Amino acid sequence: MEQLAEQIVSGIGNGAIYASLAVALVLVFRSTGVINLAQGEMAMFSTFVAWQLTAIGLNIWLAFLITVVLSMAAGAGIERVLIRPFRKRDELTIIIVTLGLFLIFNSLAGWIWSYTIRPFPSLLPDGTLDIGPVRTSIATLGTLAIVLAATFLLFLLFQRSKVGLAMRAVVDNGTSSQLVGIPIGAVLSLGWALAAGMGAMSGILIAPKLFLEPHMMFGVLIYSFAAATLGGWDSPIGAVIAGLLVGVGQNLAATYIPWIGSDLTIVFALAIILAVLLVRPAGLLGSKEVARV
């Protein structure tokens, strides 16, 4: 029983990482209708930027804040320069563009910093806490707190501000939004900026566990896709809940299903994606599409 509790707590810590990147995926989709295949590589590149800032002597928390701001600016720039010219094209064209971004960021990071595995300093202190019979790390609890706080702020932005209302209106009906004076271009750039900031946070939180290298986010991206699909592609709250569920499920599958182990848990994430698409495509908290007949 104690082992089960420890696996659940550890899974929540991993799930918080998946949730943060899943929220970034949902933000782009919710504000622009685009599934960004390069979200993980953008997060990886931002993490390298944070590492470079610490390498020149900056405190890790200061490097974190600077990186998030730079990532948001870069996200807005990518939307303006590379995504917006193709906004009126078909969905396949946009997917190909984001796939190109995936390859560009991966290759660029390898060219600048090489493919050598590097350690990354943690935002959070070492040590463990005993919560009843369960021992958990301070980093796990801190990661969960950071992700929940960021998600809560995003919830307030979407549900309690005019900016959030404008973002939801642009997705629902871009033409009508433009007619009532909503600056569609600025709203779309903001969506990509917020997603890039969340992605940077995700990469910086996971890097101390995985070590830093250009391929570090590929597996995380798959689990985050599973979380976004399970929670609903238009629900940041659903992405967080589903991310935690995926993290816990991954740990339990690796521990209690012998043939999966730690090497095949990616199968668990792919199975979630397939099952949700077959049974409930809108996800747990996603909005079902309604069409007039």
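Reader: Which residues in H9 are buried?

Author: Burial is judged by relative accessible area, and a residue under 20% counts as buried. In this predicted model, the buried residues of H9 are Val220, Leu221, Ile222, Tyr223, Ser224, Phe225, Ala226, Ala227, Ala228, Thr229, Leu230 and Gly231. The helix is thus mostly covered, with 12 of its 14 residues buried. From its first C-alpha to its last, H9 reaches 20 Å, close to the 20 Å expected at 1.5 Å a residue. Gly232 follows H9 and has a positive phi, near 115°.

Reader: Which residues of H4 are buried, and what covers them?

Author: The general idea concerns the turn of the helix. An α-helix has 3.6 residues a turn, so residues three or four places apart point the same way. In H4, the buried residues are Thr93, Ile94, Val97, Thr98, Leu101, Phe102, Phe105, Asn106, Ala109, Gly110 and Trp113. Their cover includes helix H2 (39–55), helix H3 (60–83) and helix H9 (218–231). H4 itself (residues 91–113) has 23 residues and spans 33 Å between its first and last C-alpha atoms, close to the 33 Å expected at 1.5 Å a residue.

Reader: What is the phi of the residue just after H4?

Author: The backbone angle phi deserves a look at the end of a helix. Just after H4, Ser114 takes a positive phi of about 70°, and this residue is other than glycine. Ser114 lies in the loop between H4 and strand E1 (128–131) and is partly exposed, at 27% relative accessibility. Phe211 is placed in the loop between H8 and H9, and its relative accessible area of 43% makes it partly exposed.

Reader: Which residues of the largest nonpolar core touch the most other members?

Author: A core is read by asking which members touch one another, and which elements supply them. The largest nonpolar core has 81 residues, of which Leu27, Phe120, Met198, Met201, Met217 and Val246 touch the most other members. Helix H8 (residues 184–210) gives the most to this core, with 14 residues. Leaving aside residues up to four places away in sequence, Met201 touches Ser20, Phe64, Ile146, Val147 and Ala150.

Reader: Are Thr143 and Ser46 buried or exposed?

Author: For a single residue, one reads its element, its accessibility and its contacts together. Thr143 lies in helix H5 (residues 138–160) and is buried, because its relative accessibility is 4%. Apart from neighbours within four places in sequence, Thr143 is in contact with Gly13, Ala16, Ile17, Leu124 and Leu205. Ser46, in helix H2, is likewise buried, because its relative accessible area is 9%. Setting aside residues up to four places away in sequence, Ser46 touches Thr67, Ser71 and Ala200.

Reader: How many salt bridges does a search of the whole structure find?

Author: One looks for the partners, then for the distance between them and the accessibility of each. The search finds 1 salt bridge. Glu79 forms it with Arg84, with the closest N and O atoms 2.9 Å apart. Glu79 is buried, with a relative accessible area of 1%, whereas Arg84 counts as partly exposed at 21%.

Reader: Which residues form the nonpolar patch on the surface?

Author: Here one reads the members, their accessible area and the elements that supply them. The patch is formed by Phe152, Leu153, Phe155, Leu156, Ile237, Ile241, Leu245, Leu284 and Leu285, with about 790 Å² of accessible area together. H5 and helix H10 (236–256) each supply at least two residues, and H5 gives the most, with 4 residues. Leu245, one of the members, lies in helix H10 and is partly exposed, with a relative accessible area of 47%.

Reader: Where is Leu277 found?

Author: Leu277 is found in helix H11 (residues 265–279) and counts as partly exposed, at 49% relative accessibility. Leu277 and Thr229 are 48 residues apart along the chain, and their C-alpha atoms are separated by 7.8 Å. Thr229 is among the buried residues of H9.

Conventions. Residues numbered from 1 in each chain as written. Predicted model: local features only at pLDDT ≥ 70, side-chain atom pairs only at ≥ 80, totals over all residues. Heavy atoms only, no water. Buried < 20%, exposed > 50% of the residue type's maximum accessible area, 1.4 Å probe, protein only. Contact = heavy atoms within 4.5 Å. Salt bridge = Lys/Arg side-chain N within 4 Å of Asp/Glu carboxyl O. Core = buried A, V, L, I, M, F, W, Y, C linked by side-chain atoms within 4.5 Å. Expected span 1.5 Å × (residues − 1). Patch = residues over 30% accessible without salt bridge, like charges linked within 9 Å, V, L, I, M, F, W, Y side chains within 5 Å. Areas by Shrake-Rupley, 256 points an atom, 1.4 Å probe, with all protein chains shown as cover.
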